[in-house]
Each structure stands twice: as structure tokens, then as C-alpha cells.
Amino acid sequence: MSHFTLLVGSTLGGAEDLADHLAEKLCDLGHQAVIHTSPQFDHILIEPCHYLLLICSTHGAGDLPDNIQPFSRQLLEQRPDLRGLSYLAVGLGDSSYDTFCQAIRSLDQQLLDCGAMRIGDRLEIDVGQPDLPEILAGHWLDQQLERAGIDR
Ligand SMILES: Cc1cc2nc3c(=O)[nH]c(=O)nc-3n(C[C@H](O)[C@H](O)[C@H](O)COP(=O)(O)O)c2cc1C
């Protein structure tokens with residue numbers, strides 16, 4: 001069994017719903033999953049078999065949702081040493097914006113800059129497309145877990 005910490009950035013609730021779905025899926029697969037909707041740096045655990053799953057939509061003109069801005073500021077200002085942290089990243093956005101999924105791209109870069117390691121492809125979901133985010137993210141998660149050798 002592995003442990004997943006889900007940090008969510010959401011304004012209208014879509015990313016939060018997606019996090020609920022993925023947490024349920026992880027639990028069904030026998031893992032432990034905890035969701036934080038007011039993400040703080042302290043929520044991150046760097047331990048064996050612990051993973052971070054970041055799920056964030058984009059608002060404004062490429063901005064982070066308000067609820068995840070403190071987390072981003074903490075990373076920028078404190079520059080914590082995140083070597084040893086393994087994470088996955090999912091963004092929700094609308095490709096009609098020039099700043100498509102800019103928030104998850106920024107957070108992803110911030111984590112990499114702090115030494116964390118993304119263990120799979122970043123998923124960017126276009127909510128303007130007909131496919132349901134839950135279905136897309138569910139398939140993606142299966143692939144990433146398998147590729148990373150995280151037992152199902
Ligand atoms: C006012 C507003 C601004 C938005 N700006 C962006 C943007 O800059 N880039 C993007 O990819 N999507 C943008 N979106 C689309 C949202 O990311 C998308 O609707 C997402 O599903 C919202 O997720 P949430 O319900 O978790 O807040 C914007 C949506 C709204 C309502």
C-alpha cells in the first residue's frame with residue numbers, strides 16, 4: 001500500500017470533484033489518500049511509499065486559484081529542499097485561453113525547482129472537450145501507477 005497526499009487548487013469546484021474521484025479510485029486500489037483543499041507545505045511528507053498528487057485548475061489569466069496561492073508562495077519564498085519527493089500533476093483548464101493550464105505548469109516547475117521528482121507525465125485536461133475529466137484522469141492514473149511500479 002502507498003500513501004497519497006492530494007493537494008487541490010480550485011475556484012469553482014471542478015478540480016475538487018476530480019480530486020474526490022481520484023482519491024476514491026486510489027482507495028479502491030488499496031492505497032491511502034488524503035485530500036487537502038487549503039494546501040500547505042506542511043502537508044507534504046517525504047517518506048518511502050508516500051506520493052504527492054497535485055490537482056489544479058487555472059483562473060484569471062493564467063492565475064492560480066486563491067486557495068492554493070499560499071502554498072505556491074511558500075515554495076517561492078522558503079525554497080524548501082524537496083529532494084526525495086515523488087509527485088504527479090493534473091491540470092484543468094480551457095484551451096480557448098492562451099494561458100491554457102498555466103497554473104499547473106507553474107506549480108510543476110516550482111516543485112521541480114525545489115528538487116522534487118515528477119514520476120509521470122503531467123496531465124492537462126481541456127474542459128472544453130467532450131471527454132469527462134474523471135474518465136481521462138482515471139485512465140491516466142492507471143498508466144502512471146503502472147509505469148512507476150506502484151502496485152495496484
Ligand atoms: C474567469 C475564468 C478564467 C479562466 N482562465 C483560464 C485560464 O487562464 N487558462 C485556462 O486554461 N483555463 C481558464 N479557465 C477555465 C478553468 O480552468 C476551467 O473552467 C476549470 O474547469 C475550472 O476549474 P475549477 O472548477 O476547479 O475552478 C478560466 C475559467 C474562468 C471561469
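Helices (H or I, at least four residues) and strands (E, at least two) are DSSP runs, numbered from the N terminus.

**View 1. Overall fold of the protein chain in the predicted model.** The protein chain has four helices and six strands, and from the N terminus on these elements follow the order β-α-β-β-α-β-α-β-β-α. Its radius of gyration is 14 Å, close to the 15 Å given by the globule rule for 152 residues, so the chain is as compact as a globular protein of that length. Of contacts between residues at least 6 apart in sequence, 79% join residues at least 24 apart, and 36% of the 152 residues count as buried.

**View 2. Surroundings of the ligand.** The ligand is surrounded by 22 residues, of which Ser 10, Leu 12, Gly 14, Ser 57 and Gly 93 are the closest. Helix 1 (14-28) and strand 4 (86-93) each contribute at least two residues to this shell, whose members comprise nine nonpolar, 12 polar and one charged.

**View 3. Arg 79, with a positive phi.** Arg 79 lies in the loop between helix 2 (69-78) and strand 4, and although it is not a glycine, its phi is positive, at about 40 degrees. Arg 79 counts as exposed because it has 12 C-beta neighbours inside 10 Å, the cut-off for exposed being 12 or fewer.

**View 4. Cys 101, with a positive phi.** Cys 101 is located in the loop between strand 4 and helix 3 (102-113) and has a positive phi of about 55 degrees, although it is not a glycine. With 25 other C-beta atoms within 10 Å, Cys 101 is buried, a class that requires 20 or more.

Definitions and conventions
Residues numbered from 1 in each chain as written. Predicted model: local features only at pLDDT ≥ 70, side-chain atom pairs only at ≥ 80, totals over all residues. Near = placed C-beta within 6 Å. Nonpolar A, V, L, I, M, F, W, Y, C, P; charged D, E, K, R; others polar. Rg over C-alpha atoms; globule rule 2.2 N^0.38 Å. Contact = placed C-beta atoms within 7 Å.
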